[in-house]
Amino acid sequence: MMVKCPVCSKGQLHRGKVREEMFGVDLGEYPAEVCDSCGESFVDQDAMKKIEAGAKEAGLWGLAKKVSIAKSGNSLVVRIPAELARFLRLKGGEEALVRPEGREKIVVELG
């Protein structure tokens with residue numbers, strides 16, 4: 001029996017494999033149901049546990065955090081949490097390029 005995609009409602013789900021990544025780090029390939037129309041994929045609980053374990057092992061789990069924007073003189077300051085600084089191997093005094101990506105996203109490029 002074919003299952004309709006719950007995201008696009010147009011395609012059918014077929015057994016396949018998907019490559020999972022988190023924050024640009026490859027976590028491997030896993031079995032999934034993939035929509036033949038929109039490409040949305042759904043992994044089962046067993047695969048999700050393996051993905052989560054891989055993310056934790058790679059030090060990625062919990063890196064995304066909400067931070068507040070503070071004012072310092074005429075500028076604004078965004079604090080980088082210690083866990084993220086350790087993962088990125090950042091030290092104080094390094095230079096970075098800060099640029100907008102649209103009006104909803106800030107990109108910080110290191111080096």
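1. Let's start with a word you'll need throughout: a residue is buried when its relative accessible area is under 20%, exposed when that area is over 50%, and partly exposed in between (1.4 Å probe, protein chains only). Glu101, with 39% relative accessibility, is therefore partly exposed. Arg99 is partly exposed too, because its relative accessible area is 31%.

2. A quick word on what you're looking at: this is a predicted model, where local features need pLDDT of at least 70 and side-chain atom pairs count only at pLDDT 80 or more, while totals for chains, interfaces and linings use all residues. Residues are numbered from 1 along each chain as its sequence is written, and side-chain values use heavy atoms, with hydrogens and water left out.

3. Back to Glu101 and Arg99: their side chains meet in a salt bridge, at 3.6 Å from N to O. A salt bridge here is a side-chain nitrogen of Lys or Arg within 4 Å of a carboxyl oxygen of Asp or Glu. The idea behind it is simple: side chains of opposite charge can pair when their charged atoms come close. Look around this pair and you'll find a network of salt bridges linking Arg99, Glu101, Lys105 and Glu109.

4. How many salt bridges does the structure hold? There are 7. One of them joins Glu33 to Arg15, with the closest N and O atoms 3.2 Å apart. Glu33 belongs to strand 3 (residues 25-35) and Arg15 to strand 2 (residues 12-22), so this pair ties together parts that are 18 residues apart in sequence. Strands (E, at least two residues) and helices (H or I, at least four) are DSSP runs, numbered from the N terminus. Glu33 counts as partly exposed because its relative accessibility is 25%, whereas Arg15, at 54%, counts as exposed.

5. Another salt bridge to find is Arg19 with Asp26, where the closest N and O atoms are 2.8 Å apart. Arg19 has 52% relative accessibility, so it counts as exposed. Asp26 has 46%, so it counts as partly exposed.

6. Now for the pocket. On a 1 Å grid over the protein atoms alone, a pocket is an open set of points with protein on both sides within 12 Å along at least five of seven lines (a cavity is a set where a 1.4 Å probe fits but cannot get out), and lining residues have an atom within 4 Å of a point. The largest pocket has about 1,000 Å³ of space; points are joined across faces, edges and corners, and the volume is the space filled by probe spheres set on them. Which residues are the closest to its centre? Val78, Ile80, Leu84, Ile106 and Val108, out of 29 lining residues. Helix 2 (82-88), strand 7 (96-100) and strand 8 are the elements that give two or more residues to this lining.

7. By class, the lining of the largest pocket has 19 nonpolar, 7 charged and 3 polar residues. For this count, Ala, Val, Leu, Ile, Met, Phe, Trp, Tyr, Cys and Pro are nonpolar, Asp, Glu, Lys and Arg are charged, and the others, Gly among them, are polar.

8. Leu88, Val98, Ile106, Val108 and Leu110 make a nonpolar surface patch of about 450 Å². Patches are made of residues with over 30% relative accessible area and no salt bridge, joining nonpolar side chains (Val, Leu, Ile, Met, Phe, Trp, Tyr) within 5 Å and like charges within 9 Å. The areas come from the Shrake-Rupley method with a 1.4 Å probe, and for residues only the protein chains shown count as cover.

9. Which strand gives the most to the nonpolar patch? Strand 8 (residues 106-110), with 3 residues. Val108 sits in strand 8 and is partly exposed because its relative accessibility is 47%. Val107 is in strand 8 as well, but Val107 is buried, because its relative accessible area is 16%.

10. Last, check two backbone angles. Ser9, in the loop between strand 1 (3-4) and strand 2, has a phi near 60°, a positive value in a residue other than glycine. Phe23, in the loop between strand 2 and strand 3, has a positive phi too, near 55°.
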